[in-house]
Amino acid sequence: MTLCVLHLGSEKTGTSSIQKAFGARREGLLSEGFWYPRSFANPGAHVHLKLSRAALEGTLRDDYLLVREFREEFESANRECLKAAVFSSEFFHSEMRDADSVARLRDFLSKYFDRFKLVYYARRQDQMLASMHSTAVKGAWTTDPNAMSVYESKGHYYFDHLAVCDLWSGQFGRDNLVCRIYERDRLINEDVVEDFSAVMGCARRDLRSKGSANESLSLETMWALLLLNGSQHKDNRELRRKLIAM
């Protein structure tokens with residue numbers, strides 16, 4: 001039995017950078033006692049989306065294929081040398097909004113781990129809103145230039161950091177929750193990957209982000225993409241890619 005670190009998000013706080021860094025260094029991390037499972041992760045994305053979804057759907061049963069895959073990986077992870085297992089999914093924040101799903105996740109993980117540390121990054125809500133709107137424009141999900149349009153689709157809970165922390169600490173214990181402020185000058189070496197690594201107890205120097213993995217759009221790009229989203233060419237991925245690159 002060992003420590004389980006759950007990186008809850010929130011969304012728009014460098015989660016993609018953390019996941020990319022840890023996913024690319026799985027073998028090296030494991031040799032130092034930090035296991036970043038392939039199980040429950042989306043192929044190529046490194047985010048443990050399938051774990052948060054399974055908790056929501058109530059499918060974390062022993063006969064579930066993903067659970068069997070996880071159990072096999074767990075058995076081969078050299079458990080005697082493990083310091084911590086690390087799961088990262090911003091969808092813990094955005095999709096798991098009820099105590100029952102969080103309790104299901106706790107009960108499942110408690111079969112394998114006896115200690116927990118939950119890490120949550122809180123960002124100013126106006127900045128979250130602007131960043132989420134930028135993502136929606138980039139993905140062709142909106143033609144609305146008003147960033148406040150995102151608020152209705154996400155709902156109040158998404159921006160209520162206290163409610164999120166209360167939900168998770170209610171199931172895992174308040175002493176097991178670490179809440180960090182997502183502002184550059186409050187992160188260790190102004191880097192979210194390095195900051196998260198330090199919080200979980202990993203001192204690898206190569207765990208540092210190489211720029212943003214999900215960079216916000218400039219104002220000019222934003223308006224160009226809004227025009228594209230409202231046109232007959234909105235599904236032209238090559239044109240979209242070139243506009244963003246430019």
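Tutor: A crossing of two helices is left-handed if the near helix is turned anticlockwise from the far one by less than a right angle, and right-handed if it is turned clockwise. The model is predicted, so local features need pLDDT of at least 70 and side-chain atom pairs count only at pLDDT 80 or more, while totals for chains, interfaces and linings use all residues. Residues are numbered from 1 along each chain as its sequence is written, and side-chain values use heavy atoms, with hydrogens and water left out.

By the definition of handedness, α1 and α11 cross in a right-handed manner. Helix α1 covers residues 15–24 and helix α11 residues 192–200; helices (H or I, at least four residues) and strands (E, at least two) are DSSP runs numbered from the N terminus. The two helices pack at an angle of about 70°, and their axes lie 9 Å apart. This makes α1 roughly perpendicular to α11 (under 35 degrees is roughly parallel, over 145 roughly antiparallel, 65 to 115 roughly perpendicular, and the rest oblique). Axes are lines fitted to C-alpha atoms, for helices over the stretch in contact, with angles from 0 to 180 degrees between N-to-C directions. From α1, the residues S17, I18, A21 and F22 meet V192, V193, F196, S197 and M200 of α11, where contact means heavy atoms within 4.5 Å. The residues of this contact of α1 with α11 comprise 7 nonpolar, 2 polar and no charged (Ala, Val, Leu, Ile, Met, Phe, Trp, Tyr, Cys and Pro are nonpolar, Asp, Glu, Lys and Arg charged, and the others, Gly among them, polar).

K12 has a positive phi, near 65°, in a residue other than glycine. With a relative accessible area of 12%, K12 is buried (under 20% is buried, over 50% exposed and in between partly exposed, with a 1.4 Å probe and protein chains only). In the loop between β5 (177–181) and α11 sits E190. E190, likewise not a glycine, has a positive phi near 60°. Its relative accessibility is 44%, so E190 counts as partly exposed.

A further pair is formed by α3 (residues 49–57) and α6, which pack at about 115° with axes 8 Å apart. These two helices are therefore roughly perpendicular to each other, and α3 passes α6 in a right-handed crossing. L51, A55 and L56 of α3 meet S101, R104, L105 and F108 of α6. This contact of α3 with α6 has, by class, 5 nonpolar, 1 polar and 1 charged residues. Within α6 (residues 99–109), the buried residues include S101, L105 and F108, along with V102, A103 and L109. At the start of α6, a side-chain oxygen of D98 comes within 3.2 Å of the backbone nitrogen of D100.

The loop between β2 (34–35) and α3 holds H48. H48 counts as buried because its relative accessibility is 0%. Apart from its neighbours within four places in sequence, H48 is in contact with Y36, P37, S39, F40, A41, V86, F87, S88 and S89.

Another loop, between α4 (65–75) and β3 (84–88), contains A77. A77 is buried, with a relative accessible area of 3%. Neighbours within four places in sequence aside, A77 contacts L30, W35 and L82. From S31, A77 is 46 residues apart in sequence and 9.8 Å apart in space, C-alpha to C-alpha.

The remaining pair is α7 (residues 125–138) and α12 (residues 219–229), packed at an angle of about 45° with axes 9 Å apart. The pair is therefore oblique, and the crossing of α7 and α12 is left-handed. H133, S134, V137 and K138 of α7 make the contact with M222, L225, L226 and N229 of α12. By class, the contact of α7 with α12 has 4 nonpolar, 3 polar and 1 charged residues.

M148 is placed in the loop between α7 and α8 (149–154). M148 counts as partly exposed, at 48% relative accessibility.

Conventions
A polar contact is a pair of N or O atoms within 3.5 Å; within protein, one must be able to donate a hydrogen and the other to accept it, and residues adjacent in sequence count only if both atoms are side-chain atoms.
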